[in-house]
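User: I've just opened this one. Can you walk me through it?

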Amino acid sequence: MFQATPVNHRNLSRQKLFRFLFGSMTALLILPVIIVLSTLIYKGAPVISFEFLFANPTNGMTAGGIFPALLGTILLVLGALIASVPLGVAAAIYLSEYAPNNWFTRAINIAIINLAGVPSIVHALFGLGAFVIFFRFGTSILAASLTLAIMTLPIVIVATRESLQAVPMAFREACWNMGATRWQTIRRIVLPNAVTGILTGVILEVSRTAGETAPIMFTGAVFFLPFLPQGVFDQTMALSLHLYVVSTQVPEMPEAVPYGVALVLIGLVLIMNSVSIALRMYLRGKKKW
Amino acid sequence: MVVPDSQVEVMTSTATPIKLGVKNLSIKYGQETALDNISLDIHEHEIFGIIGPANAGKTSFLKAINRMDVFNPEMQVDGLIEFSGHDISKVRNVYGLRSRIGVVFPLPVGLPLSVYDNVALAPRLSGENNKAELNVIVERCLRRAALWDEVKDRLDSLGSLLSGGQQQRLTIARALSQEPELLMLDEFSIAVDPVTTMRIEEVLKELKQEMTIILVTNLVQQARRLADRTAFFLDGKCLDIGITEDLFTGEVSDPRTRDYVEGRFG
């Protein structure tokens, strides 16, 4: 009764083939991650110490710690988040919930996607022209943070818009039918259910911001500062730039130091992300449909 | 056209004020006509049934009454709809209009909120934040929707975790929490079991004392059980309108009406 026909056999072997295909692609993706991480840990872990993390560099960077760079990266990332998340979320809410579906809105959406494709060095030059020179912020944490914010805005906007549009239309209609305004509907129904998606965008943004070198090189990051930044108009060191310089520009650099810096950078991104990942998991546990 | 003894009833029912006056209403989506030149009056405290096959324009009719056309640029409404004597196309505060009209959809839309918050949403939207007052409203509405006994111990759990029939009663409770003057039910019993349907029908008969009800239904027998008067829509036209029982046993203005209610359609 249940004897396999030739068609069954064919379907089954195809099913196996495709499962193998997709599975091996996934494995290929994971492999580089494992290799990179294990190399970093193997070569970088020996230099990681309390002093490495919390002391100033000495002897022309070859000894001491990287605290100014670590602090600088944290400040730059936080500055970029503070500038881009409110702006990006607000723009995404307008585009998704209010804007009429016409050629102009579609043009804006395409422009945003294209903005995400602009090379970071172009953003750097824009930041130099706009924030450093035109607004007279000088090369400063403020100018660098704003440049990073502009660069990562598309990530926040697209992630937010996608998650807003994943909230079923029926919810909005049910609300409107009760006499709710658009804002009441957004505030009570749409936004609470889109928060997890917005946080995904923030995670992506943190990772990208912390690692970028080009946009901050011209706008606020320097290789060495004898003191910690005192305010947003000061320059700062940053892990990404530090890594670039110690791996290419400094002679007689102990081999382990660049690996250590890279490890700290990745660890920092992971720690910052884990906050929003934890928040997202908590909220997803309460996900409501 | 109408047999004499029911003519008396028509007279008495027109004596009650008109809640919703519709004159020459046409609805188009782009080039496509959904509703073609409909005129009818719905009186206060009556259950007005609308029957007809799919694509007859029943749901579009409800959308026009609730001014949902503003959300759909394709939807074009012509003609006059008067709600308690006010031309709704001239109403500036459409939110005030919609809050006076409760709508129940064919498939229950449990908002992603707790049972309590689902029912408390409409009062909250209109500014009621007093916890004690909300408690009273929530309990009253859930009781009237015949749902209280089943959910009173889990008001904090998600509305969407209720069974289909319970969710539909939840949406009815939500509509009632608006304290609507007009309740519009769009094929509410599609996702509801027969026993629950009968319970809701009993509730509707009681609610009639307080509000006007428009009952769009696929089930002609449901219209017969509940509706005081019924209109038969077909392909965007209103072919017949009158005392419900007349559609079944009296004279009808269009032979297709009788065919439809007796299931000889198509």
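**Two chains, start to finish**

Analyst: Start with chain B. A compact globule of 266 residues would have a radius of gyration near 18 Å, and chain B has 19 Å, which agrees. Bear in mind that this is a predicted model.

User: How many helices and strands in chain B?

Analyst: Chain B has 11 helices and 10 strands.

User: What share of chain B is buried?

Analyst: 44% of its 266 residues count as buried. As for contacts in chain B between residues at least 6 apart in sequence, 70% join residues at least 24 apart.

User: Now chain A. What's its radius of gyration?

Analyst: Chain A has 24 Å, but a compact globule of 289 residues would have one near 19 Å. The C-alpha atoms of chain A fill a box of roughly 80 × 60 × 35 Å along the principal axes.

User: And the secondary structure of chain A, how many helices and strands?

Analyst: 11 helices and 2 strands. The order along the sequence is α-α-β-β-α-α-α-α-α-α-α-α-α.

User: What fraction of chain A is buried?

Analyst: Buried residues are 38% of the 289 in chain A. Of the chain A contacts between residues at least 6 apart in sequence, 76% join residues at least 24 apart.

User: Let's do helix packing. How do H8 and H11 of chain A cross?

Analyst: Helix H8 (residues 182-211) and helix H11 (residues 256-285) of chain A cross at roughly 180 degrees, and their axes come within 9 Å. H8(A) and H11(A) are therefore roughly antiparallel to each other.

User: Which residues make that contact?

Analyst: From H8(A), the list includes Val195(A), Leu199(A), Ile203(A) and Val206(A). From H11(A), it includes Leu265(A), Leu268(A), Met272(A) and Arg280(A). By class, the contact of H8(A) with H11(A) has 13 nonpolar, 6 polar and 2 charged residues.

User: What about H3 and H10 of chain A, what angle there?

Analyst: About 140 degrees, with the axes 8 Å apart. Here H3(A) covers residues 67-98 and H10(A) covers residues 239-248. That makes H3(A) oblique to H10(A).

User: Why oblique, and what is the cut-off for roughly antiparallel?

Analyst: Only angles over 145 count as roughly antiparallel. The angle of H3(A) with H10(A) is about 140 degrees, so this pair is oblique.

User: Which residues of H3(A) and H10(A) meet?

Analyst: Ala69(A), Leu70(A) and Thr73(A) of H3(A) meet Leu239(A), Ser240(A) and His242(A) of H10(A). That contact splits into 3 nonpolar, 3 polar and no charged residues.

User: Switching to the interface. How many residues does each chain put into the contact?

Analyst: Chain A gives 15 residues and chain B gives 18. On the side of chain A that touches chain B, helix H7 (169-177) and H8 each supply at least two residues.

User: Which residues touch the most other members of the largest nonpolar core?

Analyst: That core has 145 residues. Leu76(A), Val261(A), Ala173(B), Met184(B), Ile213(B), Ile214(B) and Leu215(B) touch the most other members. Helix H6 (residues 141-165) of chain A gives the most to this core, with 16 residues.

User: What is Ala173(B) in contact with?

Analyst: Leaving aside neighbours within four places in sequence, Ala173(B) contacts Val119(B), Cys141(B), Leu142(B), Ala145(B) and Leu147(B).

User: Is Leu207(B) buried or exposed?

Analyst: Buried, with 21 other C-beta atoms within 10 Å. Leu207(B) lies in helix H8 (residues 194-207) of chain B. Not counting residues up to four places away in sequence, Leu207(B) touches Leu183(B) and Ile213(B). Leu183(B) is 24 residues from Leu207(B) in sequence and 9.3 Å away, C-alpha to C-alpha.

User: Last one. Where is Leu161(B)?

Analyst: In the loop between helix H6 (148-151) and helix H7 (164-177) of chain B. Leu161(B) counts as partly exposed, with 14 C-beta neighbours inside 10 Å. Leu161(B) and Glu210(B) are 49 residues apart in sequence and 31 Å apart in space, C-alpha to C-alpha.

Technical notes
Residues are numbered from 1 along each chain as its sequence is written. Chains are lettered from A and ligands numbered from 1 in the order in which they are written. This is a predicted model: local features need pLDDT of at least 70, side-chain atom pairs count only at pLDDT 80 or more; totals for chains, interfaces and linings use all residues. Axes are lines fitted to C-alpha atoms, for helices over the stretch in contact, and angles run from 0 to 180 degrees between N-to-C directions. Helices (H or I, at least four residues) and strands (E, at least two) are DSSP runs, numbered from the N terminus. Angles under 35 degrees count as roughly parallel, over 145 as roughly antiparallel, 65 to 115 as roughly perpendicular and the rest as oblique. Two residues are in contact if their C-beta atoms, placed from the backbone, lie within 7 Å. Ala, Val, Leu, Ile, Met, Phe, Trp, Tyr, Cys and Pro count as nonpolar, Asp, Glu, Lys and Arg as charged, and the others, Gly among them, as polar. A nonpolar core is a set of buried Ala, Val, Leu, Ile, Met, Phe, Trp, Tyr and Cys residues joined through C-beta atoms within 7 Å. A residue is buried if 20 or more other C-beta atoms lie within 10 Å of its own, exposed if 12 or fewer, and partly exposed in between; C-beta atoms are placed from the backbone. The radius of gyration is taken over C-alpha atoms; the globule rule is 2.2 Å times the number of residues to the power 0.38.
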